[in-house]
Amino acid sequence: EMCIRDRDEAAKEAKSDAPIDPHEAEFQDALRKAIGFEYELMEPVGQGGFAKVYKAHDVRLDRLVAVKVIRPDLAGARAFSDRFRKEGVALAKLRHPGIVPIYDIRESGKLIYYIMPFIEGENLKDRLDRLGRLPPFEAHRILSELADAITAAHRSGIIHRDIKPENIILAGNLRKVLLMDFGIAKEVEPGGQRLTGSGVLVGTPTYMSPEQAAGDSEIDHRADIYALGVLGYHMAVGELPFTGTPQQIIVKHITDDPAPVRTLNPSVPKSLSDIIARCLAKRPSERFDTAMDLWRELQTVKFFAREPSQVPRPKVPKLELISALVLVIGLFGGLALGKLIFDDSGPRPSSPSSMRPSPTSFLSGWLANVRDLREQIESDSIKQEMVTTFDPLATMARVQTGSDPAAPSVQLT
């Protein structure tokens, strides 16, 4: 049931010009008498399994509202009337920005109705019908906001049991997610009273959990988590996990596994695909324990980042890096050694000047040695000797003892 404004003006005009069914006209007259002068009834905006929704004007507060009323053909059935009242009681308990509230619930004769906010936007079903599938980040956002709203419902002891695109409104330009239609919600009571008995199917086949499909009377909050998984699959892939006749779909929910999300849409992050798959587990114990656990896990999903297996390893230019390292070590090692050898600050024994090499010739010989060793490294023949060869202290020792044939000939006096 939608309480949303139709944005297509042409459709509005066509609807207003269309002849009204006599039974519908009679029903609207009865509803106008019931709501009195407080609200001005306008046009119908939606219809669901057992209720209709009309747009109306709140005369006192000058605002648009939605009037949700039980269908006239079901108004006399006590089971449906009780269920409709239960929805009103359930909504009255909930206070969450992601759940459409009610302002009031009233009865007049056989008519039971409540006043709700009138929401501008579109339902998720219309968006999916138009786009096919949603961008992964938008599907993730919607799923996160719904998990948050369902958490509030579960904490109030209410299980929705009919989460589907038709019951989700994307309000305003920001497409704020709003959950509505708690018509078949189950209230968990200490006395164990149930809305339905064993063997009775409750919900929509395409979004029904396996335990709902099997007619299990012991349905808990994890049925809603399964429905969120179906919804996430539908948004991410653009199609339902199971198709066929209602009977075939019900059986598939119990026996079959859907195709993996990333097989049908590789752009979905693996983490999001895994979350959806866990929500769709056949056994409730294998799903998330709570909707809050689901919400927390959704916050870990990252977009616009490669999966770990897809991150390329950086290419390290080994020879270039080693050559640069050798050059730097050799340069600094040569300068240090030159300073040690040619430092005239302390007393030295006298020696002929011809026997003492100049710093320039010493560094030239050192750099020549570095170039020779670089060529050997590139040929990959002396990798093991590289560390000791360019250890400045070891080099100094070999030079001073004359054990390094490649070092410049220096006679110390």
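In this predicted model, the buried residues of helix 2 pack against strand 1 (39-47), strand 2 (51-58), strand 3 (63-70), strand 4 (104-108) and strand 5 (111-117). Helices (H or I, at least four residues) and strands (E, at least two) are DSSP runs numbered from the N terminus, contact means heavy atoms within 4.5 Å, and buried means under 20% relative accessible area, exposed over 50% and partly exposed in between, with a 1.4 Å probe and protein chains only. Because the model is predicted, local features need pLDDT of at least 70 and side-chain atom pairs count only at pLDDT 80 or more, while totals for chains, interfaces and linings use all residues. Residues are numbered from 1 along each chain as its sequence is written, and side-chain values use heavy atoms, with hydrogens and water left out.

**Helix 2**

- The residues of helix 2 that are buried are Glu24, Phe27, Gln28, Leu31, Ala34 and Ile35. Seen down the axis of helix 2, its buried residues fall within an arc of 115°, so they line one face of the helix; the arc is that of the directions from the helix axis to the C-beta atoms.
- Pro22, Glu26 and Lys33, on the other side of helix 2, are exposed.
- The 14 residues of helix 2 (residues 22-35) should span 20 Å at 1.5 Å a residue, and the end C-alpha atoms are 20 Å apart, which agrees; the expected span is 1.5 Å times one less than the number of residues.
- Gly36, which follows helix 2, has a positive phi, near 70°.

**Leu31 within helix 2**

- Leu31, which lies in helix 2, counts as buried because its relative accessibility is 0%.
- Leaving aside neighbours within four places in sequence, Leu31 is in contact with Leu41, Tyr54, Val67, Val69, Leu111 and Tyr113.
- Leu31 and Val69 are 38 residues apart in sequence, and their C-alpha atoms are 8.5 Å apart in space.

- An open sheet is formed by 5 strands in the order 1-2-3-5-4, with antiparallel pairing, where two strands pair if DSSP finds at least two bridges between them.
- Strand 1 and strand 4 are the edge strands, each pairing on one side only.
- Neighbouring strands of this sheet are turned by 30° against each other on average, direction ignored; axes are lines fitted to C-alpha atoms, for helices over the stretch in contact, and angles run from 0 to 180 degrees between N-to-C directions.
- Strand 3 and strand 5 run antiparallel and are joined by 5 bridges; the bridge partner of Lys68 in strand 5 is Tyr114, and Val69 stands opposite Tyr113 in strand 5.
- Strand 4 and strand 5 also pair in the antiparallel sense, over 5 bridges, and Glu107 has Ile112 as its bridge partner in strand 5.
- Strand 4 and strand 5 form a hairpin with 2 residues between them, and in the turn Gly109 has a positive phi of about 65°.
- Strand 5 is mostly covered, with 7 of its 7 residues buried.
- Helix 3 (residues 78-93) lies across strand 2, strand 3, strand 4 and strand 5, running at about 25° to strand 5.

- Strand 8 (residues 168-171) and strand 9 run antiparallel and are joined by 4 bridges, with Leu170 standing opposite Val177 in strand 9.

**Nonpolar cores**

- The largest nonpolar core has 68 residues, and those with the most contacts inside it are Leu124 and Met235; such a core is a set of buried Ala, Val, Leu, Ile, Met, Phe, Trp, Tyr and Cys residues joined through side-chain atoms within 4.5 Å.
- Helix 7 (residues 222-237) provides the largest share of this core, 10 residues.
- A second, separate core of 14 residues includes Ala34, Tyr39, Tyr54 and Leu111.

**The whole chain**

- The protein chain comes to 15 helices and 10 strands, and 43% of its 413 residues count as buried.
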